[in-house]
Amino acid sequence: KAEETNHSHSDMELKDIQRQLAFTLNDIGICLLNIGGKVNEAIDCFRKAISRWEREPQFHANLADSYKELNQLDNALKYYQKAFSILADRGKTDGDIYHKVLTGLCSLRYDRGRRMFNNTNYMEAEQEYSHAIRLSPNTAMLRFCRGESRLQLLNLLGAYFDFKKAVELDPKFNKAQERWEWIKGKIDPSKLKMPKGLQEKIENGLSDST
């Protein structure tokens with residue numbers, strides 16, 4: 001029993017050392033970013049921190065920020081999602097780290113959407129904006145951008161609701177107002193007979209097409 005107790009204490013001490021080392025590596029990575037702007041070196045530190053203490057969401061968020069700095073958006077998405085997943089598993093949907101991850105993930109979805117749109121990949125752009133809207137449903141710009149993507153896909157009904165919502169969220173959003181005035185002359189949803197619940201799905205981006 002004494003040997004088992006000593007062994008247990010040794011395991012706890014080793015875990016504590018690993019945890020302390022992980023946080024030290026994370027701090028070094030932050031310093032490399034903030035002081036020297038050495039992004040690749042910072043990434044190396046954050047990855048080593050994660051290898052020693054994988055369930056710390058801050059490490060994943062910092063690594064995602066670093067990849068985003070290098071415009072490696074796919075890698076950034078991977079680690080933002082990991083941080084978000086850890087927080088969700090713990091039921092921590094509030095606090096500074098949660099809002100940092102939520103903001104970073106939403107911003108990344110927006111950036112990916114713009115990249116897809118500019119490359120004329122309108123369906124993928126629509127999907128990225130739909131992901132962002134689920135994270136931040138009251139952001140007028142996201143609604144407007146998804147409306148633009150849907151317009152390119154000739155989804156006039158979906159675009160109608162997106163431009164309408166963008167104007168509701170931000171009445172001073174002139175470009176959204178212009179699109180809204182234009183599309184109102186093209187479509188009248190009140191004259192369309194849609195199955196029950198379909199209109200809500202289109203507005204929220206939860207249809208099979210998104």
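Asn26 is buried, because its relative accessibility is 4% and buried means under 20% relative accessible area, exposed over 50% and partly exposed in between (1.4 Å probe, protein chains only). Asn26 sits in helix H1, residues 2–36. Helices here are DSSP runs of H or I with at least four residues, strands are runs of E with at least two, and both are numbered from the N terminus. Beyond its neighbours within four places in sequence, Asn26 is in contact with Phe46, Ala49, Gln58, Phe59 and Asn62. Contact means heavy atoms within 4.5 Å.

This is a predicted model: local features need pLDDT of at least 70, side-chain atom pairs count only at pLDDT 80 or more, and totals for chains, interfaces and linings use all residues. Residues are numbered from 1 along each chain as its sequence is written, and side-chain values use heavy atoms, with hydrogens and water left out.

Take Phe46 next, one of the contacts of Asn26. Phe46 lies in helix H2, residues 39–52. Phe46 is buried, with a relative accessible area of 0%. Leaving aside residues within four places in sequence, Phe46 is in contact with Asn26, Gly29, Ile30, Leu33, Phe59, Asn62, Leu63 and Ser66. Phe46 and Ala22 are 24 residues apart along the chain, and their C-alpha atoms are separated by 8.3 Å.

Now the whole chain. The protein has 10 helices and 0 strands. From the N terminus, the elements run α-α-α-α-α-α-α-α-α-α. Buried residues make up 38% of the 210 residues. Consider the contacts between residues at least 6 apart in sequence: 56% of them join residues at least 24 apart.

Move along to the loop between helix H3 (57–69) and H4, where Asn71 is found. The phi of Asn71 is near 65 degrees, a positive value in a residue other than glycine. Asn71 is exposed, with a relative accessible area of 54%.

How do H4 and H5 pack? Helix H4 covers residues 73–89 and helix H5 covers residues 96–118; they pack at an angle of about 150 degrees, with their axes 10 Å apart. Axes are lines fitted to C-alpha atoms, for helices over the stretch in contact, and angles run from 0 to 180 degrees between N-to-C directions. H4 and H5 are therefore roughly antiparallel to each other. Angles under 35 degrees count as roughly parallel, over 145 as roughly antiparallel, 65 to 115 as roughly perpendicular and the rest as oblique. The crossing of H4 and H5 is left-handed, meaning that the near helix is turned anticlockwise from the far one by less than a right angle; clockwise would be right-handed.

On the H4 side, the contact residues include Leu73, Leu77, Tyr80, Phe84 and Leu87. On the H5 side, Ile97, Val101, Leu105, Leu108 and Arg112 are among them. The residues of this contact divide into 13 nonpolar, 2 polar and 5 charged. Ala, Val, Leu, Ile, Met, Phe, Trp, Tyr, Cys and Pro count as nonpolar, Asp, Glu, Lys and Arg as charged, and the others, Gly among them, as polar.

Ile97 is found in H5. Ile97 is partly exposed, with a relative accessible area of 23%. Not counting residues up to four places away in sequence, Ile97 touches Gln58, Ala61 and Leu87. Ile97 and Pro57 are 40 residues apart in sequence, yet 7.9 Å apart in space, C-alpha to C-alpha.

Further on comes Glu148, in helix H7, residues 140–152. Is Glu148 buried or exposed? Glu148 counts as buried, at 12% relative accessibility. Its side chain makes a polar contact with the side chain of Arg179 at 2.6 Å. A polar contact is a pair of N or O atoms within 3.5 Å; within protein, one must be able to donate a hydrogen and the other to accept it, and residues adjacent in sequence count only if both atoms are side-chain atoms.

H7 and helix H9 (residues 174–184) pack at about 40 degrees, with their axes 11 Å apart. They are therefore oblique to each other. Their crossing is left-handed.

Leu154 has a positive phi of about 60 degrees although it is not a glycine. At 71% relative accessibility, Leu154 counts as exposed.
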